[in-house]
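I opened this notebook to record what I looked up in one structure. The entries follow the order in which I worked.

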Amino acid sequence: MPRTALRICPLCEATCGLTLTIEGSTVTGARGDRDDVFSRGFICPKGAAFGQIDADPDRLRTPLVRRDGRLREATWEEAYDAVAAAVPGLVREYGPQSVGVVLGNPNVHTMAGALYPPLLLKTLGTRNLFTASTLDQMPKHVSSGFLFGDPLAIPVPDLDRTDFLLLLGANPVESNGSLCTAPDFPGRLKTLRARGGTLVVVDPRRTRTAALADRHLAPRPGSDVLLLAALAHTLLAEGLAAPGGLEEHTEGLGELGAALGSFTPEAVAPACDLTADEIRSLARELAAAPTAAVYGRIGSCTVEHGTLASWLVDVLNILTGNLDRPGGALFPLSATDRTPRPAGPGKGFTVGRWHSRVSGHPEAKSELPIAALAEEIETPGEGRIRTLIAIAANPVLSAPDGDRLDRALTGLDFMISVDPYLNETSRHAHVVLPPPPPAQSAHFDFAFNAFAVRNQARYSPPAVPLEEGRMDECEIHARLILAVSGLHGVPPESVDERVIDDTLARAVTDEHSPLYGADPAAQALGLTGRTGPERRLDLMLRLGPYELGLEDLLKRPHGIDLGPLRPRLPEVLRTRSGRIELLPEPIAAELPALRATLADRPAALVLVGRRHLRSNNSWLHNVPALTGGSNRCTLHVHPQDAARLGLTDGGRARIAADGGSLEVPVEVTDAVRTGVVSLPHGWGHDRAGARLGVASAAPGANVNQLLDGTRIDRLSGTAVLNAFPVELTPLP
């Protein structure tokens, strides 16, 4: 007889609750969990396809080990023997900086990806960390670090209570949200309008989100930062700034007006292709709203001045008094956050504590730009990356100039991939360690609860038992840490026990900890959980702000509602001053470069990406239920541009930019404004050696191959993936 099991969806940032239908050990259906405290039954096509994703026949079932130049199936013992035989020796010979670690986006969707990579990095001692953050969100981390002293202190819009929402470069109706965890984002936007609120969307495309808006502004791509600067200038120049109680927690307000003095609506209007009146009107509406929130994402981040744009989003929230205010933008408090500390000065935040070896890129949040990975592998000399560990990462498709990285990977001495697929990147590995399907893994959202629009906690045990021959994903990571550190053969449980012992040793001596003064051995014995990861989760909950434990979550499988977001200033501030530093020196130093762009002549044609509701970067193109329809890799071109360039709907074109050219199918549509073309991210499944049967049948083109990696946001090291100039030529 079929049975049901609850599972939090791991396929995007919305973290919706699912009810799975299971026959034997096979997931045969998925629907929204109506009793989930957060998602209330919402489901998108990705969640509905959970069964197909779980049972994908192209998922690897056993490890692969390279022998005689070919990847062949192997036992788990053989795979870890190969790792242990290679990596410790290479580290001894060439040093810890000869190892690079690449973390892809799926890491933050799994318990293992949250709990173990920090231990791996500490074990290896390498500073060569590259993640997907420098392809999407690092500008927000850097700007938050400068403003608040903590790169993880990211305020999110209070969607359920705001009166006015300004969205820039975001399409949450199709992406389901980013750095703003909100199940049923579309429904929340509709409810905002139904209660009399206002939604304004700034996007060069007429997206499904823009179609819901009261007003849609379509500026030139890349000009969001100038629009934001002009909005802030208008608030200050017209006496509309009203930070209210924020003023006592903020420094730099007096200097901000002069710093933004050049960015008048008249000055930025030509670059934005908006009128000065439109800009002033928007600023006045923002100031007049009872509550308001400004929210910017990928389209305003993955551009030349992405960190400045991210900074200005919060500048506007501060100037209007809407930061840390119900109905504005607030700081979530996750159940696994530390118990709040008393307010006061902290260590602050800086970038550039070390630099990449070849081009001298500064680190940000302990990461180097992933656009620099290829040169760090290719370039001879001390510190060259010779060993690479890629965990849930496919940078050949997701990073600029995949062809160059593809070639570079062939020159590694050793490569390990933790990945369920043999994809465009993992095909180069010497060892591939495949995690089990999601239904066979436990789930807790360590990352996304920190960006949730409502505080809550939910835990999913494995929905089906681990299949014979599979290894739990957490055990895969623990054994990897032991193998690379010369401790191959030590029981994997020792990794979790060491973390628990170290965490308790610190907690019992921390006067602000709930366990201050307790006996660490007794506390360790009192932890619940069947596995090491569950015991670690139990400890994190006990050390958190809500006096919870794992048993509380197990008793309430639909989750625990912890209430709406609440004001948290000044406790979240960790700047050296203990205040919001509104005009930090690195930001002020970058403003002249932004000012210089006012004199630039706009490119005739620029490219932007786009999201598909039934896709998530390069992950889900191998799932039949999520292919076809609008989920296609076509080049969107406005009818006027198509006529000017001689392009036809359904025809083909050659598109060229810094990194090379692609041949792509053309889709003529007025969903993009003139002067803009759009090609989605994450395609290009046409490389020999990958095993992605469905994806390779409709491979699409890798838009990132148009880039050579030299265009980056200087403050964060984030690759410029949007608003770069391109040339189009029709093909016969």
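This is a predicted model: local features need pLDDT of at least 70, side-chain atom pairs count only at pLDDT 80 or more; totals for chains, interfaces and linings use all residues.

**Entry 1: Asn-617.** I then looked up its backbone and found a positive phi of about 55°, although Asn-617 is not a glycine. For its place in the chain, I noted the loop between strand S21 (606-608) and strand S22 (635-637).

**Entry 2: Arg-40.** Arg-40 also has a positive phi without being a glycine; I recorded the value as near 55°. Is Arg-40 buried or exposed? Its relative accessible area is 55%, so I listed Arg-40 as exposed, for which the value must be over 50%. I located Arg-40 in the loop between strand S3 (26-32) and helix H1 (45-48).

**Entry 3: a cis peptide bond.** I next checked the bond that joins Leu-569 to Pro-570. This peptide bond is cis, and its omega is near 5°. Pro-570 belongs to the loop between strand S19 (560-564) and strand S20 (580-581).

**Entry 4: helix H20.** I turned to a helix, H20, which covers residues 493-507. Helix H20 has 15 residues, and the distance from its first C-alpha to its last is 21 Å, close to the 21 Å expected at 1.5 Å a residue. Which residues of H20 are buried? I listed Val-495, Asp-496, Val-499, Ile-500, Thr-503, Leu-504 and Ala-507. Viewed down the axis of H20, these buried residues lie within an arc of 160°, so they line one face of the helix. I then asked what the buried residues of H20 pack against. The partners are four helices: H5 (117-124), H19 (473-484), H21 (520-526) and H22 (532-542).

**Entry 5: the whole chain.** Last, I looked up the chain as a whole. I recorded 26 helices and 29 strands. The radius of gyration is 25 Å, close to the 27 Å that the globule rule gives for 732 residues, so the chain is as compact as a globular protein of that length. Along the principal axes, the C-alpha atoms fill a box of roughly 70 × 70 × 60 Å. Of the 732 residues, 61% count as buried. Among contacts with a separation of 6 or more, 73% come from residues 24 or more positions apart. The chain exposes about 26,300 Å², and carbon and sulfur atoms supply 50% of this area.

Technical notes:
Residues are numbered from 1 along each chain as its sequence is written. Side-chain values use heavy atoms; hydrogens and water are left out. Helices (H or I, at least four residues) and strands (E, at least two) are DSSP runs, numbered from the N terminus. The expected span of a helix is 1.5 Å times one less than its number of residues. Buried means under 20% relative accessible area, exposed over 50%, partly exposed in between (1.4 Å probe, protein chains only). The arc is that of the directions from the helix axis to the C-beta atoms. Contact means heavy atoms within 4.5 Å. The radius of gyration is taken over C-alpha atoms; the globule rule is 2.2 Å times the number of residues to the power 0.38. Accessible areas come from the Shrake-Rupley method with a 1.4 Å probe; for residues, only the protein chains shown count as cover.
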